[in-house]
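Reader: Could you walk me through the fold, one question at a time?

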Amino acid sequence: QPLVVTLATCDSGNPGSVLVPGSSIAHDLHAFGIPWVFASQFPLTKRGSVRITMLLYERLLRGDDPRWALQGLREKLYISAHHDHDWAGLVAYASPLPDFDNEVEWFWMRQIRRAIDVDLNRAQQALESKNDHDLDKAINQARKRLQIWEKKLQDKDAGKFIGKFRTECFGIGGATEKRSAEILWKRGRPEEEVNQALQKALSWYEKAMQEGREHWPATQYLSLTAVLNNEPDSDTWQGTMTWASQDLAAKETIDKAWAHGTLAELEMLRLYHFPSTADEKTINKKIKKRVIEHCKQILELTAKTPFVVFSTRRQFQRYLEWWKNDLWTNIAKAAAETLTTTQEEDLLDFPPHE
């Protein structure tokens, strides 16, 4: 059943009186288990109805805390209090669920992440139609959403946003800039503009990496370090390898699959972060064998969830098509070929490790 119901009908929240007993429709819906029901206990003015529609739905669909949405809406309606009583008409029947604050924040995060995904899909459509104006507009909109997200972490109550929430925020920042850079590259924009976006992505992933022992942002940091030809970082590589290896013992199959994806990419990036003067042909052969084995493990673990396969393959294809380098071409090609399947790719376009 829904978590929120809004009744866009006047008097739907009117509970009656001692002369005409009986509960309202809103009360009945709430009594039957719907946690949040918004209604009106008086007839609304047309102007009030428009304001409620514009403000309430925008904030609820954005994932804002419904308590703040209600408070903010009442304040807006109170501005015209000398003309009407819309501010007093708006009522809410509410029963916050256990751990409600945390649930609100995670829902808000999912909503803004989906919005960013929509922005980048629009940028992709603009790329295909060669519409530079819409392309830039979509990318800038995605970046504005990231700024809102980051500002939320800097507010006075940001102390409760710890661990995975912050990691997710910074990680999505990295993914957004990386996908933006890829779109700009495909459009043939100057290398400097593309690299600026990649550098922003690197900074986001570095922030995510510093929030905890998560291997996926650290791997992306190591990847972009190599792509941008920055100083090799063997210490971070070692730590990331340890974190990913620990996840191979995870209870969830999907976590094991992501860990194998990380390890496959890390094995390839070993060539950059550990420059060697030894027999390169022998080293490459051993690394290639380990990468293929990790890819095979992903295929075995994700028979029913091909998304990890699709995402990991796309990452290796970037090394082949975009981030070309003789250092890893053969290994990336072997990984992409191993992960090629005949399954549909009608999947979400914003994987966590992206």
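This is a predicted model: local features need pLDDT of at least 70, side-chain atom pairs count only at pLDDT 80 or more; totals for chains, interfaces and linings use all residues.

Reader: In what order do the 3 strands of the open sheet come?

Author: The edge strands are β1 (4-6) and β3 (90-94), each of which pairs on one side only. Neighbouring strands are turned by 15 degrees against each other on average, direction ignored. The pairing is mixed, and the order is β1-β2-β3.

Reader: Are α12 and α13 roughly parallel or roughly antiparallel?

Author: The axes of α12 (residues 280-301) and α13 (residues 307-321) come within 9 Å and cross at roughly 155 degrees. Angles over 145 degrees count as roughly antiparallel. That is why α12, relative to α13, is roughly antiparallel.

Reader: How many residues in the contact of α12 with α13 are nonpolar?

Author: From α12 come Val 291, Cys 295, Ile 298 and Leu 299, which meet Val 308, Val 309, Thr 312 and Phe 316 in α13. The contact has no charged residues and 1 polar one, and the number of nonpolar residues is 7.

Reader: Is Lys 130 buried or exposed?

Author: Lys 130 sits in the loop between α5 (100-128) and α6 (132-154). Its phi is positive, about 60 degrees, although Lys 130 is not a glycine. Most residues other than glycine have a negative phi. Because exposed means over 50% relative accessible area, Lys 130, at 60%, counts as exposed.

Reader: And what is the relative accessible area of Asn 229?

Author: Asn 229 is in the loop between α9 (215-227) and α10. Phi of Asn 229 is also positive, near 60 degrees. Asn 229 is exposed, and its relative accessible area is 61%.

Reader: Last one: what distance separates the C-alpha atoms of Gln 238 and Leu 266?

Author: Gln 238 lies in helix α10 (residues 234-247), and at 43% relative accessibility Gln 238 counts as partly exposed. Leu 266 is 28 residues apart from Gln 238 along the chain, and their C-alpha atoms are separated by 9.4 Å.

Definitions and conventions: Residues are numbered from 1 along each chain as its sequence is written. Side-chain values use heavy atoms; hydrogens and water are left out. Axes are lines fitted to C-alpha atoms, for helices over the stretch in contact, and angles run from 0 to 180 degrees between N-to-C directions. Helices (H or I, at least four residues) and strands (E, at least two) are DSSP runs, numbered from the N terminus. Angles under 35 degrees count as roughly parallel, over 145 as roughly antiparallel, 65 to 115 as roughly perpendicular and the rest as oblique. Contact means heavy atoms within 4.5 Å. Ala, Val, Leu, Ile, Met, Phe, Trp, Tyr, Cys and Pro count as nonpolar, Asp, Glu, Lys and Arg as charged, and the others, Gly among them, as polar. Two strands pair if DSSP finds at least two bridges between them. Buried means under 20% relative accessible area, exposed over 50%, partly exposed in between (1.4 Å probe, protein chains only).
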